[in-house]
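Welcome, and thanks for taking a look. Please have the sequence and the structure open side by side as you read.

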Amino acid sequence: MTNQSHYEILKEIVKIYLPEDVSVSDITEESNFTSELNINSANLVDIILDVEDAFGITLENQDMDQMKTVKDALRIVEQKLVE
Amino acid sequence: MKGRVVITGLGVCAPNGVGLSNFSHSLSFGISGIRFHQQLADLGFGCQIAGKPEITDLQMDTYFSPLERKGLNSSGLVYGVMAGTDAWGDAGFKPMGKDHPDWDSGIIFGTGILGTDKFRESIYLIDNKKTRRLGSTSVMQTMASGISAYLGGKLGLGNQITTNSSACATGTEAIILGMERIRSGKAKVMLVGSCSDSGPYIWGGFDAMRILPTQYNNDPMRASRPMSATAAGFVPGSGAGALVLESLEHAMARGATIYAEVLGGAVNSGGQRGNGSMTAPNSEAVQRCIKEALSDAKVIYKEVDVINGHLTATSKDAEEIKNWSEALGRSGKDFPYINATKALIGHCLAASGSVEAVASILQFKEGKVFGNNNCSDLHPEILKIVDESKIPLKTISYNSNIIAKASFGFGDVNACVIFKAYKPN
């Protein structure tokens, strides 16, 4: 089950990185950041930093590698918050 | 017509005016952009005044997307993008669509060092073992070619995209390099110019060299005094200037408005020999550079009617005047009109050549020679060479035909470019 408020926070973070031809309403839990939302791979680095700031967590390289979709990101955030 | 290069667009981000109309107004009426900066005082600088373009939040939103603004902390990049995109639009061009670049258009946009504030931010993070917190834009904001790369992406240009660097000759050199590329037939349009960061990390080294004025902290607008007997050192500045250069055929085919023609130019170095050094120009090299530029432009010496000098407001100004006089073989009332833009904006370092070139070219459009500020007490050595009527203290009406612009930089490097009023014939 997805924590709805975390999902909203994440959407708010991702919004600024979307290219012109992708809108916020295109974001779903299944969205792949690079292949579906067309986010520049360099910007994934910035999304990770924003996620760290927003949730007060630290993400490791392996977490970053696993973070392909919005759902992946939410799962990792929940894990880190429990730890 | 073949090989002729014209100027079809201008853009500027100067301490006394952001945008062409503001800049032109300030130059016409002698409005200074030199201000006191509390930050420099707080840091214990000897010289606490500087020239810095005033950019509003609204302007930032106009030129940069919210994503581009995120973490943006490179003032030179901001100035350069504003001037560069303005010049491109002024020439009547639009950014390319998302699929293909414009293969015939390129960029030569110089700088000395870029993004010093961003670099400082990065250094603190790295030293605190937080390298991974740098984010994705620290490289592009601090690499010298960040400015040409950024503009290249915004406009979608596919010809040569590069950044030149030759200290305070950078901007003038960029114009010459762009002209040569179009002349050689390798490009049809070149966006050329230069930018320089503002702030203590750029200006500190000059303060340490004790070549900046320290006695005008309470009277900043009188501090930059080129050609004056009381010149006390150059006032540090910052900003960007940009020009769109285009082959005459290309400009005419699309019915572009033409500001002026770039007739020719030359760059050289005194090799830090003779009276040249890392920080001072070799006079023989300066004179050769001026002569070579005129020869490249096929202009005879008496045809030059306006000079926009390098004239930084140091003791070297008189020597520069002497070099112009000897190179052109002209003096007294026969000397061309001469002006020093730095009196109003300070020395914009790597940006100086391009910002002052824009000032030079606006004189064709306005039918004016912009006045000189802060030199009612002309240096006696200068008065021995040039009649004071040739150094107008107020802006005068004058339709110039040939304007020479020169810049000299650390490393004993020189650049001189010759502009001509454009007359269709």
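This is a predicted model: local features need pLDDT of at least 70, side-chain atom pairs count only at pLDDT 80 or more; totals for chains, interfaces and linings use all residues.

## A residue between two classes

A residue counts as buried when 20 or more other C-beta atoms lie within 10 Å of its own, as exposed when there are 12 or fewer, and as partly exposed in between. Keep that scale in mind for Leu383(B), which sits in helix H16, residues 380-383 of chain B. Is Leu383(B) buried, exposed or partly exposed? Leu383(B) has 15 C-beta neighbours inside 10 Å, so it counts as partly exposed.

Leaving aside residues up to four places away in sequence, Leu383(B) touches Leu378(B) and Glu388(B). Leu383(B) and Met227(B) lie 156 residues apart along the chain, yet 9.5 Å separates their C-alpha atoms.

The average pLDDT of chain B is 97, and 99% of the residues score at least 70. For the complex, the predictor reports an ipTM of 0.88 and a pTM of 0.96.

## Chain B as a whole

Chain B contains 16 helices and 15 strands. Its C-alpha trace spans about 60 × 55 × 40 Å along the principal axes. A compact globule of 425 residues would have a radius of gyration near 22 Å, and the 20 Å of chain B agrees with this.

Of the 425 residues in chain B, 57% are buried. If you take the contacts in chain B with a separation of 6 or more, 81% of them join residues 24 or more positions apart.

Now turn to helix H10 of chain B, which covers residues 200-208 and has Ile202(B), Trp203(B) and Asp207(B) buried. Why do the buried residues of H10(B) line one face of the helix? Viewed down the axis of H10(B), they fall within an arc of 125°, so they share one face. On the other side of H10(B) you will find Gly205(B) and Ala208(B), both exposed.

What do the buried residues of H10(B) pack against? Their partners in chain B are strand E4 (49-51), helix H6 (116-127) and strand E7 (189-196). After H10(B) comes Arg210(B), with a positive phi near 60°.

## Where the chains meet

The contact draws on 6 residues from chain B and 7 residues from chain A. On the side of chain B that touches chain A, the residues divide into 2 nonpolar, 2 polar and 2 charged.

Key: Residues are numbered from 1 along each chain as its sequence is written. Chains are lettered from A and ligands numbered from 1 in the order in which they are written. Helices (H or I, at least four residues) and strands (E, at least two) are DSSP runs, numbered from the N terminus. The radius of gyration is taken over C-alpha atoms; the globule rule is 2.2 Å times the number of residues to the power 0.38. Two residues are in contact if their C-beta atoms, placed from the backbone, lie within 7 Å. The arc is that of the directions from the helix axis to the C-beta atoms. Ala, Val, Leu, Ile, Met, Phe, Trp, Tyr, Cys and Pro count as nonpolar, Asp, Glu, Lys and Arg as charged, and the others, Gly among them, as polar. pLDDT is the predictor's confidence in each residue, from 0 to 100.
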